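Q: Could you walk me through some of the charged pairs and the packing here? I'm new to this, so please spell out the terms.

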Amino acid sequence: MLTSPVSIAEFLLQNKAPESGTDSPSYGRGAAMVDLDGDGLLDLIAANDFMVTHFYRQLPDHSFVNAVEAWGIPEAQAKDHTWGVLAADFDNDGDDDVYFLNLGYPGHKNRLLRNDIETTGTFTDVTQSSGDAIMIPRNFGGTTLDYNNDGLLDIFLTGPKPSLHNFLLRNDGNLSFSDVSEQAGFTKPDNYRHVSAGDYNNDGCVDLAVGVFHGSNYLYRNNCDGTFTDVATEAGISRAKDQNFGFVFEDFDNDGWMDLWAPKYYWQGADRGQSGELYRNNGDSTFSNVTATSGLTGQSDMGHSTGDVNGDGYPDIYIGTGHPSYRANDLLLLVEPDGKGGFTTTDVSVISGITSGGETRCHGMAFGDYDQDGRIDIWVNNGGPPTDDGEETGNMVQIQESFLWNGSENDYNWIAVQLRGTKSNRTAVGARIVAITGSGREIHRMVRVGHGFANTDSHIQHFGLGKETSVKQLVINWPAGSSQIILNPAINQVIRVKEETGLQK
């Protein structure tokens with residue numbers, strides 16, 4: 001196993017939710033950490049099944065106030081059974097709109113809120129005017145992508161029952177969407193769970209990986225002509241076992257090829273011995289299963305996501321237990337290349353401090369540097385349905401407060417990049433960035449919205465540099481096809497880049 005430039009002992013996590021005002025009780029689902037009001041501070045969203053969705057506006061002292069009323073969040077949204085949250089600039093006007101996935105009871109359709117904070121101080125519910133496509137009910141997972149590279153951000157949704165197929169919603173501009181699922185090739189029903197977007201074959205067209213709860217996962221290759229083809233068998237990943245709760249693209253070894261992680265929802269009896277699966281991208285449109293030597297364990301991987309928690313440049317794995325009937329400790333796994341073509345995971349849940357919050361029923365988590373100190377923080381949305389049968393009986397046993405894990409100070413270096421698309425979509429979803437350090441090491445990141453349990457991480461891409469002291473180049477590959485190179489950027493700061501025009505203050 002390779003040694004991380006930064007040890008976890010230098011990067012303990014402390015729960016700042018109580019003192020920051022973000023520990024409201026929840027039947028939590030997906031989470032978001034984005035700047036909603038344009039003040040340069042990351043705000044928080046906690047999607048909430050059975051209760052009002054929380055919107056927290058960050059103040060300059062890094063405390064938060066609940067902005068549901070101030071931002072005009074419609075009462076209807078407060079009553080929706082919301083499972084996922086996709087926050088992105090769907091109309092390319094410079095601020096993040098919010099799309100909610102409402103899996104709950106029949107009639108609770110998905111909802112789109114336009115961000116009008118700059119003009120009216122509030123959000124506006126534009127669900128009805130955006131077309132029937134966005135109101136498709138009972139979606140489990142969701143992500144965003146510009147599948148046709150037209151500069152408009154599209155939406156992909158998964159169907160959670162054998163009677164439902166996946167959905168691709170094309171953005172036609174002006175917050176109007178069309179269902180193009182059939183034309184794109186998404187017609188097969190299955191028991192789908194969560195989805196991830198990433199360009200696994202590096203052809204410039206974003207692909208999709210979808211977890212299936214009872215059966216093999218799907219790898220949808222974007223054919224760059226508006227259609228997708230499931231290539232899971234050819235890619236060598238069709239043997240994935242049951243109980244998949246997602247399928248996550250992540251470049252775990254920073255070689256420029258996106259690998260795959262399949263979180264598994266095993267929780268009872270002999271099933272607990274079954275682990276999740278890791279697949280290394282071979283760079284030739286195939287993957288190798290490297291699970292056997294990875295150290296992955298089996299538990300109820302319902303909440304799941306990835307991010308560089310310890311700042312060594314390698315993405316790590318956060319697992320939320322999330323079972324409807326019991327609580328358990330979350331897991332934080334450091335992931336490193338093993339030097340033999342595989343990966344090693346190290347369980348640092350206890351020594352990192354995340355178990356100090358006690359056992360959880362965690363679902364969503366969002367990654368970002370909310371206090372602007374150069375260290376990744378994690379917004380964790382805890383809680384679950386009040387009853388196993390899904391009826392609103394008033395049973396409050398499953399309510400739980402959220403966690404805001406804050407990284408402690410250390411002496412490692414970092415650089416962060418905030419992109420603004422012009423020809424590409426404004427949020428720059430699908431853009432790929434490579435930081436090349438002074439020693440020649442490469443660290444790869446991709447801008448994504450809709451990650452893990454339908455979460456939205458900060459759009460600012462964070463590069464942990466460990467003990468590296470310089471970055472020679474930042475290479476940015478935009479979805480529209482152009483590339484930009486930033487030479488010798490200063491480290492330990494956020495670099496803002498506008499497509500084709502260079503650095504921005």
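Q: How accessible is Lys467?
A: Lys467 counts as partly exposed, with a relative accessibility of 42%, where buried means under 20% relative accessible area, exposed means over 50%, and partly exposed is in between (1.4 Å probe, protein chains only). This is a predicted model, in which local features need pLDDT of at least 70 and side-chain atom pairs count only at pLDDT 80 or more, while totals for chains, interfaces and linings use all residues. Residues are numbered from 1 along each chain as its sequence is written, and side-chain values use heavy atoms, leaving out hydrogens and water.

Q: And which residue forms a salt bridge with Lys467?
A: That is Asp411, with the closest N and O atoms 2.7 Å apart; a salt bridge is a side-chain nitrogen of Lys or Arg within 4 Å of a carboxyl oxygen of Asp or Glu. Asp411 is exposed, at 52% relative accessible area.

Q: Are Arg111 and Asp80 buried or exposed?
A: Both Arg111 and Asp80 are buried, and they form a salt bridge whose closest N and O atoms are 2.7 Å apart. Asp80 and Arg111 are also linked with Asp125 in a network of salt bridges.

Q: How many salt bridges does the count come to?
A: By this rule, the count comes to twelve.

Q: Switching topic, what does Phe90 touch?
A: Leaving aside residues up to four places away in sequence, Phe90 touches several residues, among them Asp97, Tyr99, Leu112 and Phe177, where contact means heavy atoms within 4.5 Å.
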